[in-house]
Amino acid sequence: HLFLGGPGGLEPAGSLAIGAFPTAPLLVPAPGGGLGLVVASKETRELVAFTLGRDGEQLVARPAWQLEPGGVPRALALGASELYWLDRDGLLVTLTWPAEAGPLGSAPTKGAAIDVGRDARPVAALPLSAGGVVVLCQGDRSLRFLGEQAGALVELARHDFDGVPRSATEADLDGDGDLEQAFFGGDRRVLIF
């Protein structure tokens, strides 16, 4: 369901049929400076993209493309020029699109992939601005730093997390101009690099 509004309240603005049990949606840049949504359904196992626009007072979502990367999606993460699809079986797939098309211009194609492992129970991914991606694993309480080498995703480093990792973000936390990575645990822990 889509809503418009702010602190004064929300007004229903439409809904999208994307299948049951969706992942958290990603906001992506649309051609012409607008916004779009990318979301996956655990029921249909499809990745679906929409462009957002207005028709008078109504918010309108128009389908841009859909794709079936395979597996049951657990999480999505948007990098600089790629989308990461993390599935329930522990497979992380890189999806890319032509630079001139952008994320909503054409359906992405499958790129490098890595099997993180079902028992690791990966739950989220954080694409790094400097390249690569970190996968948060609850099964073995680890952070796995992955990068691309010779067209394949490989594990470059692993850090054991003192707790259960749940989410992550990248921001300039100390104001020095460099980005730090913060990893949050459901047991009130945070780890900052």
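Predicted model: local features only at pLDDT ≥ 70, side-chain atom pairs only at ≥ 80, totals over all residues.
Although Ala150 is not a glycine, its phi is positive, at about 55°.

A positive phi is also found at Arg121, again a residue other than glycine, with a value of about 50°. Arg121 sits in the loop that runs between strand E10 (109-115) and strand E11 (122-127). Its relative accessibility is 44%; Arg121 therefore counts as partly exposed, since that class lies between the 20% and 50% limits.

## The phenylalanine cluster

Across the whole structure, a search returns 3 aromatic pairs. One of them joins Phe145 and Phe183 in an edge-to-face arrangement, with 6.4 Å from centre to centre and 75° between the planes. Phe145 is part of strand E13 (residues 142-149) and Phe183 is part of strand E16 (residues 180-185), so this pair ties together parts that are 38 residues apart in sequence. Both partners are shielded from solvent: Phe183 is buried at a relative accessible area of 0%, and Phe145 is buried at 18%.

Because Phe145 lies in strand E13 and Phe193 in the segment after strand E17 (190-192), the pair ties together parts that are 48 residues apart in sequence. Phe193 has a relative accessibility of 38% and counts as partly exposed. Through these ring pairs, Phe145, Phe183 and Phe193 are linked into a cluster.

The side chain of Glu180 comes within 2.8 Å of the backbone nitrogen of Leu173. Beyond residues up to four places away in sequence, Glu180 touches Thr169, Glu170, Ala171, Asp172, Leu173, Asp174, Ile192 and Phe193. Phe193, which is in this list of contacts, is also a member of the ring cluster with Phe145 and Phe183.

Trp85 is situated in strand E8, which spans residues 82-87. Its relative accessibility is 0%, and Trp85 counts as buried.

A polar atom of the Trp85 side chain lies 3.1 Å from the backbone oxygen of Gly70. The two residues are separated by 15 residues in sequence, and their C-alpha atoms are 9.5 Å apart in space.

## Thr94 in strand E9

Which residues surround Thr94, once those up to four places away in sequence are set aside? Thr94 touches Glu82, Leu83, Tyr84, Thr109, Lys110, Gly111, Ala112 and Leu153. Thr94 itself is found in strand E9 (residues 91-96).

Thr94 is buried, with a relative accessible area of 6%.

At 64% relative accessibility, Pro12 counts as exposed. Leaving out neighbours within four places in sequence, Pro12 is in contact with Leu2 and Phe3.

Pro12 and Gln138 are 126 residues apart in sequence. In space, the C-alpha atoms of these two residues are 36 Å apart.

## The largest pocket

The largest pocket holds about 180 Å³ of space. Its lining is formed by His1, Leu2, Leu16, Ile18, Pro22, Thr23, Pro25, Leu37 and Val39. Leu2, one of these lining residues, is also a contact of Pro12.

What is the make-up of the lining of the largest pocket by class? There are 7 nonpolar residues and 2 polar residues, and no charged residues.

Notes:
Residues numbered from 1 in each chain as written. Heavy atoms only, no water. Phe/Tyr/Trp six-rings, centres within 6.5 Å; stacked < 30°, edge-to-face > 60°. Helix = DSSP H or I, 4+ residues; strand = E, 2+ residues; numbered from the N terminus. Buried < 20%, exposed > 50% of the residue type's maximum accessible area, 1.4 Å probe, protein only. 1 Å grid on protein atoms, 1.4 Å probe; cavity = no way out; pocket = protein on both sides within 12 Å on 5 of 7 lines; lining within 4 Å. Points joined across faces, edges and corners; volume = space filled by probe spheres on them. Nonpolar A, V, L, I, M, F, W, Y, C, P; charged D, E, K, R; others polar. Polar contact = N/O pair within 3.5 Å; in protein donor to acceptor, adjacent residues only side chain to side chain. Contact = heavy atoms within 4.5 Å.
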